[in-house]
Amino acid sequence: MKLTRRTFLKDAGLLLASLGLEPSLLPRMADALEDMAGGRAPILWLQGLSCSGCSVSLLNSESPGPADLITRYLSLYFHQTLSAATGAAAKDAVETAIAKGGYILVVEGAVPLGIKEACKFADENFSEQLLRAARAAQAVVCTGTCAAFGGVPAAPPNLTGAAGVGAALKQAGLARPLINLPGCPTHPAWLVGTLMQVLKSGLPDLDDQQRPTRFYGHLLHEQCPLFAQYQKKHFAQALGEEGCLFKMGCQGVVTQADCSLRGWNGGVNWCVRGRSICIGCARPEFALDPQFAFFRLNENDLY
Ligand code: SF4
Ligand code: SF4
């Protein structure tokens, strides 16, 4: 189907609304969508130690929706989960992209810096492929807490020495424009909005953890609908009880993300509204605390 300026403006309007941006940005956003649809904004998506959850989350994108996003807008050179290419064809697609350069490199998953062979693409360790791809990229976007800060793969005892992309680039002495979009998974609006911003205006405003302040600028707790109950000290003491979930271990008090305003799955629900605590999945420290409530094997059980 031929895309018209009207289509770009309509989709840009939906996107602005979902991102809570000013209407004055409409022409610029429509231009960004047009660039993406015209293949002028290529994206190379690489996966390290990950569960592919951030890819699945991207498919929950609302505006543009997943079909439009993939077929019209994302000029994906390669994506391990979505691309049809396998084997030699997949390797060629990545090599072609790296040779051309100038793409936005989206990385999903952590980098094994200890046992480098723990993650390979074709015959190359992911940690080395990542450095080659980052060198040729206009910017590196880390989607998910694993790519940003290590996340679940870096949970103690972290046998592979998993770390975030920023740490891997730093260890190699490679400075690249880097954006961290933590979340387990990343909200699709955080990723789509960031890609648009990079395409049209360059790097967004970032905090000291390289996170866009637009999405991560506030404590979730301060914008939580239960904040008033927290202030009145009306706490739930058990699942199913009314009140703020602080005493149940809610991490909203230390988590910077806009889930409490944006919601998930098209704004239908989010963790606290579903009466579950926020487990702080967007925190840099997520899963790194040895006390974090994971099921853990004893080292002896591994062999
Ligand atoms: S439920 Fe969590 S995020 Fe909401 S007010 Fe209570 S402690 Fe804060
Ligand atoms: S509310 Fe907390 S646990 Fe839920 S998605 Fe947001 S940051 Fe993650």
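**View 1. The shell around ligand 2 divides into nine nonpolar, two polar and no charged residues.** Here Ala, Val, Leu, Ile, Met, Phe, Trp, Tyr, Cys and Pro count as nonpolar, Asp, Glu, Lys and Arg as charged, and the others, Gly among them, as polar. Shell residues have a heavy atom within 4 Å of the molecule. They are L220, T255, C259, W264, W270, C271, C278, I279, G280, C281 and A282. The model is predicted: local features need pLDDT of at least 70, side-chain atom pairs count only at pLDDT 80 or more, and totals for chains, interfaces and linings use all residues. Residues are numbered from 1 along each chain as its sequence is written, chains are lettered from A and ligands numbered from 1 in the order written, and side-chain values use heavy atoms, without hydrogens and water.

**View 2. Ligand 1 and its surroundings.** L220, H221, C224, L226, F227, Y230, C244, L245, F246, C250, G252 and V272 surround ligand 1. Ten are nonpolar, two polar and none charged.

**View 3. The largest nonpolar core has 43 residues.** Such a core joins buried (under 20% relative accessible area, 1.4 Å probe, protein chains only) Ala, Val, Leu, Ile, Met, Phe, Trp, Tyr and Cys residues through side-chain atoms within 4.5 Å. I104, V141, M196 and V272 touch the most other members. Helix α9 (188-201) supplies at least two residues; its share, seven residues, is the largest. Helices are DSSP runs (H or I, at least four residues), numbered from the N terminus.

**View 4. Contacts of V141.** V141 touches (heavy atoms within 4.5 Å) I104, L105, V106, V107, I179, L181, L191 and L195, not counting residues up to four places away in sequence.

Conventions. Buried < 20%, exposed > 50% of the residue type's maximum accessible area, 1.4 Å probe, protein only.
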